[in-house]
Amino acid sequence: MVLTLRPILKMTTRDLGRNSWREELDSFSRQHEGWIVSIITRSSRGETTVAAHDLPLQGVGPASPSSNNIAIIVGGGQNHLTHEIREPAALQIDLTPNGAERALLVHGNDGTTTTIEFRSPMRPEEVDGLPARDRR
């Protein structure tokens, strides 16, 4: 019997400070508007739900000015989806080994983790250079 061992890749994340969430999410939304994402939620019991698959990101931000809840908007035109995360506890950016943003992780107070995962993670400077409004 031959065993092949694959190296274990350590996930590299960047924590976003709670005091800067609004600014960080605004910047994230501007940089990645139109990028193709999937929204996946994992409950504290390990159950996984796919809320959206391969849809263009419209934006991520506070659900309302007076709320700490986070709204993720994907899709386009009349076919859009708003996924709301109640009571987020922590935000992280998951990075590839070369420093590209792979996903935004939203950890909830209830133990759930919602992942906004890019289909093709790359650094913004590696994108073809088209403004987001021209990529639609």
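Two strands pair if DSSP finds at least two bridges between them. Keep that in mind for the views below, which all come from a predicted model.

**View 1. Strand β2 meets strand β8.** Here β2 is joined to β8, residues 113-118, by six bridges, and the two strands run antiparallel. To find your way in, look for Thr41: its bridge partner in β8 is Thr114.

**View 2. Strand β2 pairs with strand β3.** Now follow β2 (residues 36-42) to β3 (residues 48-62): the pairing is antiparallel and covers six bridges. Which residue of β3 is the bridge partner of Ile39? That's Ala52.

**View 3. The turn of the β2-β3 hairpin.** Five residues sit between β2 and β3, which form a hairpin. Check out Gly46 in the turn, where phi is positive, at about 90 degrees.

**View 4. Glu24 in helix α1.** Glu24 has its place in α1, the helix made of residues 21-32. Is Glu24 buried, partly exposed or exposed? Its relative accessible area is 27%, so Glu24 counts as partly exposed, a label that covers values between the 20% and 50% cut-offs. Leaving aside residues up to four places away in sequence, Glu24 touches Arg14 and Leu16. Gly61 lies 37 residues from Glu24 along the chain, yet their C-alpha atoms are 9.0 Å apart.

View 5. Over residues 131-136, though, pLDDT is below 50. Beyond near neighbours in sequence, this stretch has eight contacts in the model.

Conventions: Residues numbered from 1 in each chain as written. Predicted model: local features only at pLDDT ≥ 70, side-chain atom pairs only at ≥ 80, totals over all residues. Heavy atoms only, no water. Helix = DSSP H or I, 4+ residues; strand = E, 2+ residues; numbered from the N terminus. pLDDT = per-residue confidence, 0-100. Contact = heavy atoms within 4.5 Å. Buried < 20%, exposed > 50% of the residue type's maximum accessible area, 1.4 Å probe, protein only.
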